[in-house]
Structure formats: C-alpha cells, structure tokens
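Hi,

Here is the structure I promised to pass on. Have a look at it first, and then read my notes below.

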Amino acid sequence: MTAPLHEPTAEAAPSAAEEAAVAGADAKAVQGRSLGRIAWERLKRDKLALTGGVVVLLLIVVAIFAPLITNIVGQDPDVYHEDLIDPLFGTPRGSLGGISGDHWFGVEPVNGRDIFARIVHGARISLLVGFLSAVVAVIIGTVLGVLAGFFGGWVDALISRVMDGLLAFPQLLFIIALVSVMPNEMLGLSGTGVRLFVMILVIGFFGWPYIGRVVRGQTLSMREREYVEAARSLGAGRFYILFKELLPNLVAPIIVYTTMMIPTNILTEAALSFLGVGVKPPTSSWGQMLSSAIDYYQSDPMYMVIPGLAIFITVLAFNLFGDGVRDALDPKGSR
Amino acid sequence: MLAYLIRRLFAAVVMLVVIILVVFGIFFLVPKWAGVDIATSFVGKQADPASVEAVRQKLGLGDPIFVQAWEFFKAIFAGRTYSGGGDVTECAAPCFGYSFRSEQAVWPVLTERFPVTLALALGAAVLWLIFGLAAGVLSALKRGTLWDRGAMVVALAGVSLPIYFTGLLSLAVFSHSLGWINAEFVPLDESFSGWFGGMILPWITLAFLYAAMYARITRATMMEILGEDYIRTARAKGLKEQVVIRKHAMRSTLTPLLTMLGMDLGALMGGAILTETTFSLPGLGQKVLDAIQNQDLPFILGVVLITSLAVLIANLVVDVLYAVIDPRVRLA
C-alpha cells in the first residue's frame, strides 16, 4: 500500500479520489490532483511496470513500422534464401540456426526465409488481434455490464447468467469451433483478412464477460452512492446519470481489465495460429512459426526458441504493465 | 440439504438443454448466417456433389430449424438413423454425431481416446495443486520476502509462457539433449514404466501453467482473508498462529479454489489441446487438431459437446462438495 486507506470497502476510482483529497490535505501540496495524475505518479515508482510499459511501447512501434524496419535492415519476410540451407538436412548452414550479420535471428529451415523479418511482421498480427479483440470485449462488456448493474431485475438476471455460462466453458475449444465453421470469404475479405476479422470478433466475444462482470459490480455499488442520489434528487434523468455520473467512474476499472486482457488475447491468437485456425500462410505469425518448429526442435532448436521468446517477452511485458496499472489505479488491489 | 441438491440438479438439467442447443447453434445456425454450406463443411471440400447432397438429406438440412434441433437433441439420448442418397447410416445412442468423411460414429472414437486425456489431466492436477497451493500460501504468509518475490516472478513467467513453447523446450532439453526421458507415448496396457515415462513431461508442462495460476490466486485470496475481521477475532481470543492459519484462513482460502479446480478439470476433460498436440498424446485434444486438419467437423462438435458435459458434471460435483464443506450453503 502506497498511501493511507480510509475506506476499505470502496473500490478503484472513487476511493482513489477521496484518498487523494485526504493525502493532499496531509501533505504540503494543496492543489487537487486528478486521478490520472496520481496513478501516473504511483506508476512512475514501479520499476517493473515501467519496464513492461517501455517494452510494450517498443513493440507497438515495431508493429506499426514493420515494413519500414525490414526495409532498412534489407530483409523481406517472404524471400527464400535456399543458398543458406544445408541441402542434406534441410536446416540452415552455420551455427545457431544460421544467425549472421545479415540474418539477425537466423533463417527458417528448408526455404531460408529471414526469421527477423518474419518476427517483426508477426508482431503486427499479435498486437492487432490482441488490441482489437480487447476493444470488442470492452464495448460489449461495458454496455451489457452497465445495463445489468443499472437496471437490475430480470435484465441483470439474464445478463449475469449468460456471463456465468460463458466464463464456465473452455474458451479455446469454443473459439476453435466457431472459427472453423466460419467461411473463408466474407464481407469482401478473403484469406488472412477473414481469419483476422473472425479471430478478433470471436476472441472479443468470449472476453466480454470479464469486463462485464466488473462493470456490473461497479455500477451496482455506485448506483447507491450519495453523488448519484444527489443527481437524482436534482431531477437528473436516467441517461444523464448513466453518462455523466457513472461512466466516468468506470473508466479506471475498464482500463485495468483491458490491459490485463490483451496478453491473454495475444496468447489465444498464438494458440489458434499454432493449431492452424489462425492467419494463413504466407502471412507470418508467431504461433504458426512455433507450430512449424515442432518438426525441427532437435535439428534446429533456435527456430523454436525465437518465436517462443517473442511471445513470452510480449505477454510478460503486458502482464507486468497491467499489474502496475492495476496497482496504480486501484489502491485496494495493490497486492 | 435435500432441497439444495434437488435445486442444483434441476439447474444442471436446464443447463444441459441450453448447452446442447448452443452447440447446435454454433455448428448449424452460425454457418447458415455466415453463408457457409453446412453439408460441404461436414464432408470436406473435396467431396463430389452427389455425396454432399446425400449428407444434406441425411442431416435433414432442408427441414425447418426446429426439427433439425430436435433431431440433434434426440440423437444424444436415443440414437439416430441417417438416411438419404440411397443408403442408411446408423448411429447408436449416445449419438454425438457421425463423421461422414471417415465413416464412423463420433462417440466410440471419443471414448477410446478419453483415458489418455483423463490421465493427463488428473496427473497434472495432483502436481499443480501441491505446488501451486504451497507456493501461494507460503507467499501470502511471508509477504514481501525474497521467497514471495521469487515465487511470484516464477508464477508470472509461468502464466506468460505458451504451453507449447515450454513443452517443446522441455522436449529439446530433457528428452533430446540430456536424454533423461524417452518422451514417446506408450499405451498403459503395454508397459507401465513406458507409459509413466512418456507422461512425465506432459504432466509437468501442463502443471507448470496451472500451478502458476493457482499460486497467484491462492496468494491473493489468502491475503484478503488474513485481513478479515474473523481472523483478528481468532487471534484476539488467543489461538495459536498455526491454528489461525490452518483452521480459519486455509479453509476459507480453499473453498473458492475448489470451484476453480472443478471448472479447470472439467475443461481439461475435453483435452488439453495444446499439450496433447505438442507431445503427440492420442487424447481428445489431439483429435480436435486432426479434425481441424482433415476438415472433419463432427469430431470438433463431439469434443465440444463432451467437454461441456464434463464442465457441467464437475460443477455439480463441486456444488455437492460445497454443501458438505460449508454449512452456510446447506442451509441457504
């Protein structure tokens, strides 16, 4: 715990704001500090979370500028380098999977495509699916969570049942099932485009209950708070209360759960590509690289280590950053 | 107690019906909305038009959707006879579907593979419960110490590593480089030691992931409970610290974990797809991968259905256990 707690039952946003007021009165600083400011100051002290955040930022830059980066390095993810392959074994010449000044991470067995370029391009797929499916989950989860918490009654009962049901069942299996019954062409998209679209939708769909549950709980407890009561007695309508009083206070928990959801989504995307229901070749993705590395784990172990490390570092960075954001925004959760 | 059990049982039956309808929806309604020809996806894309047409008739895809749903539902309890295209295919109860592509009923294939999956899940569960709970409880009690930090770093790494990567790494190191373990799968009835040796790496790999998750959750739950008033009361009335931890804190920490264990085990009954794929274990999960690669949709359907039922049963068992452990539940 970084600051004194005066209201152990309150959660996230409201208590952080109140706590700031108290802390501000104690300290010399008299002027009010916003929640974002307090959170940022806490986050700055958390070295691990900052490291995670920096890595995440770097990965985003790499993903956005992937074609530019591979151009500067002078490698193309789809160009074959068969001259670098030992024709007898099909594995790269040289040690450590053909790592050299030209090919920083080595080359693939058999066709000799540059692994560095494929990893850089693979980051695009991982982050794109990770982020966008989180967006889908946040939209559905916030709308349904607020509806359940705000209106209560049968609306709440129905939405809560659906959330419990979705959370109870093995998601990967259901995602595989849904992805495999989807068409190969739809909405004018084909190939990798369709797969990406379907993956984002399906992963997002199975992720919304995590957000929905939290939002519902927060809405439920905030609905009865004094400031909502005050707004109501001043004659504010339902929608005014919903958008002006409740939603701003839901931002903090939503941010926390979104950052924690992205790494899970990235792992799911990698798993789907590993199993062959993700993006289609020649588009490169980390899960797919690992799946083809299975056949070479004895003769060319570097081929499996590099995409594995890429997934590990990415997911770990997001997890560290997510834990830090949670601790910074939610003093009660600083475990 | 009896009223509680009857209520839970009733809820489970309702849930069973809902699950079957949802699975029907995923495989028959969603493709229809998305504009996919269901018959084609059931026989594979290379099939000739005549056999696609035969399957269309056999599945009754021309019938109203309610009739189709009812046939699908009935088949699970009473079996089903598919007729069309001049021949008749029998599928005995419980009919979890029929693969027209490989010309076999789904259920017998699944039951044949089930023991491998069961052994993988149970063995791993023993390991992850021992290590996950121990690490979590110790971390909560020694909060902030080097042990706590070390354990939590390992746990965070554990939940960030894809299981097929740890699996491949362990294969490369322990089986290939060091040669300690022969990682080939050997059926149990051939040789016990061979079977056991082949299962060690899968067990450890799967257990590592879950132990990491359980350690994180156990630690968080335990720390929350240690802050509760009744723990203070227990200490205030002079109980030994050991008794406070064992009788008061541990008991409340374990009840939510029981729910988690029930759900996780239930879900794993459908096969740890990634683990089984990495280690080539012939369980249900590997069948899912085969089915993806061969476009043999009925097997995916079958595994989804069997897993859902396993989750349902596991939840029911947990509910009953809750009533035994926790008197508050019984009386509610």
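Where does UniProt place the feature "transmembrane region" in chain A? The unreviewed entry puts it at residues 48-69, 125-150, 162-182, 194-215, 246-266 and 302-322 of chain A. Do keep in mind that this is a predicted model.

I looked at two of those spans in chain A. Residues 48-69 of chain A are 95% helix and 0% strand, with 27 Å between the end C-alpha atoms. Residues 125-150 of chain A are 100% helix and 0% strand, and there the end C-alpha atoms are 37 Å apart.

Chain B has its own set from UniProt, again from an unreviewed entry: the "transmembrane region" feature sits at residues 9-30, 116-141, 153-174, 194-215, 254-274 and 299-325 of chain B. In residues 153-174 of chain B, 91% is helix and 0% is strand, and the end C-alpha atoms are separated by 23 Å. For residues 194-215 of chain B, the figures are 100% helix and 0% strand, with the end C-alpha atoms 31 Å apart.

While we're on chain B, here is the overall picture. Chain B contains 14 helices and four strands, and its C-alpha trace spans about 80 × 60 × 40 Å along the principal axes. Of its 332 residues, 37% count as buried. If you take the contacts in chain B between residues at least 6 apart in sequence, 65% of them join residues at least 24 apart.

Now for how the two chains meet. On one side are 36 residues of chain A, in contact with 40 residues of chain B. The elements of chain A that give two or more residues to this side are α7 (171-181), α10, α11 (286-293) and α12 (302-329). The largest share comes from α7(A), with eight residues. By class, the chain A side has 30 nonpolar, five polar and one charged residues.

That helix is worth a click. α7(A) is mostly covered, with nine of its 11 residues buried; among them are Leu172(A), Phe174(A), Ile176(A), Ser180(A) and Val181(A).

Next, a helix pair within chain A. Helix α8 (residues 192-223) of chain A and helix α10 (residues 238-275) of chain A have axes that come within 9 Å and cross at roughly 155 degrees. α8(A) is therefore roughly antiparallel to α10(A), and the crossing is right-handed. From α8(A), the residues making the contact include Met199(A), Ile203(A), Gly207(A) and Tyr210(A). From α10(A), they include Leu246(A), Asn249(A), Pro253(A) and Tyr257(A). Sorted by class, this contact has 14 nonpolar, six polar and one charged residues.

You'll find Ile99(A) in the loop between α4 (66-73) and α5 (115-151) of chain A. Leaving out residues up to four places away in sequence, Ile99(A) touches Trp104(A), Phe105(A) and Gly106(A). As for Asp78(A), which is 21 residues from Ile99(A) along the chain, the two C-alpha atoms are separated by 18 Å.

Cheers

Key:
Residues are numbered from 1 along each chain as its sequence is written. Chains are lettered from A and ligands numbered from 1 in the order in which they are written. This is a predicted model: local features need pLDDT of at least 70, side-chain atom pairs count only at pLDDT 80 or more; totals for chains, interfaces and linings use all residues. Axes are lines fitted to C-alpha atoms, for helices over the stretch in contact, and angles run from 0 to 180 degrees between N-to-C directions. Angles under 35 degrees count as roughly parallel, over 145 as roughly antiparallel, 65 to 115 as roughly perpendicular and the rest as oblique. A crossing is left-handed if the near helix is turned anticlockwise from the far one by less than a right angle, and right-handed if clockwise. Two residues are in contact if their C-beta atoms, placed from the backbone, lie within 7 Å. Ala, Val, Leu, Ile, Met, Phe, Trp, Tyr, Cys and Pro count as nonpolar, Asp, Glu, Lys and Arg as charged, and the others, Gly among them, as polar. UniProt positions are given in the numbering used here, feature names are shortened, and annotations may be inferred rather than shown by experiment. A residue is buried if 20 or more other C-beta atoms lie within 10 Å of its own, exposed if 12 or fewer, and partly exposed in between; C-beta atoms are placed from the backbone.
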